[in-house]
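This report goes through a protein model part by part. Please look at the sequence and structure below before reading on.

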Amino acid sequence: MSDKKPYKLGKCLKDAAPDAKPLITYEIRNSLYLNITTECTNACYFCVRFQTDLVKGYNLHIDYQPTLEEILKAIGDPTRYRSIVFCGYGEPTLRLDIIKAVCQFVKQHGSYVRLVTNGHGNLIHGRNIVPELKGLVDMVDVSLNAENAELYEKICHPLYGPETYEKVKEFIRECVKYIPTVEATVVGVKEINIDKCKEIALELGAQFRFRGLDDVG
Ligand code: SF4
């Protein structure tokens, strides 16, 4: 992993219900979501992490990195869910080894796996990690977030600086080679040109998805 330190979660602006226990798994629409880190290499101004501890009523503000054993225990029987989704408060690929180990377990049960990522995985690990996900991940959602590098920096404040946007695009291209379904996503912030983002997503060979600001997962 690169020696750059991901942005840790600071104090949230709104507090969670005091009795809501932080969770490493949570259910949305019959899928099980895994919350494996709260750290991220972006600091998007719209990020839910800076607004609230609660996502769909679940407290995701864990203050530790859950172990593989804890995650597998929390998953239990993966066949109970339509899919298993890596989509926490933070960037899952910061914990690539955990992703791969969890996927190996989940795929033994034939379950469907989706990874929601900011697309910094190759920057984080200093190598192309996408081939390592082949056969383990069925679908990847990569946050494209903007139509150019300047806007991306303004909106997402990436730890890796101005080169990040092109690296995210490169990551999407790699995903298209190795992962059955790839979506490039944008969220509904006023600065972006949605049509241009869609054009870029399709040029990269990915599908395109627009998400509302509060549409988590
Ligand atoms: S990439 Fe996702 S988790 Fe990271 S700061 Fe942006 S919205 Fe938050």
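## Nonpolar cores

The largest nonpolar core has 52 residues, and Leu 34, Phe 86, Val 137 and Ile 172 have the most contacts inside it. A nonpolar core is a set of buried Ala, Val, Leu, Ile, Met, Phe, Trp, Tyr and Cys residues joined through side-chain atoms within 4.5 Å; buried means under 20% relative accessible area, with a 1.4 Å probe and protein chains only. Helix H2 (residues 96–108) gives the most to this core, namely six residues. Another core lies apart from it and has nine residues, among them Ile 28, Tyr 33, Leu 60 and Val 85.

The model is predicted: local features need pLDDT of at least 70, side-chain atom pairs count only at pLDDT 80 or more, and totals for chains, interfaces and linings use all residues. Residues are numbered from 1 along each chain as its sequence is written, and side-chain values use heavy atoms, leaving out hydrogens and water.

## The sheet

Seven strands form an open sheet with mixed pairing, in the order S1-S2-S5-S6-S7-S8-S9. Strands are DSSP runs (E, at least two residues), as are helices (H or I, at least four), numbered from the N terminus; two strands pair if DSSP finds at least two bridges between them. Strand S1 (25–28) and strand S9 (207–211) are at the edges with a single partner strand each, so one side of each has no neighbour in the sheet.

Strand S8 (residues 181–187) pairs with S9 in the parallel sense over five bridges. In this region, Val 186 stands opposite Phe 210 in S9.

Key:
Buried means under 20% relative accessible area, exposed over 50%, partly exposed in between (1.4 Å probe, protein chains only).
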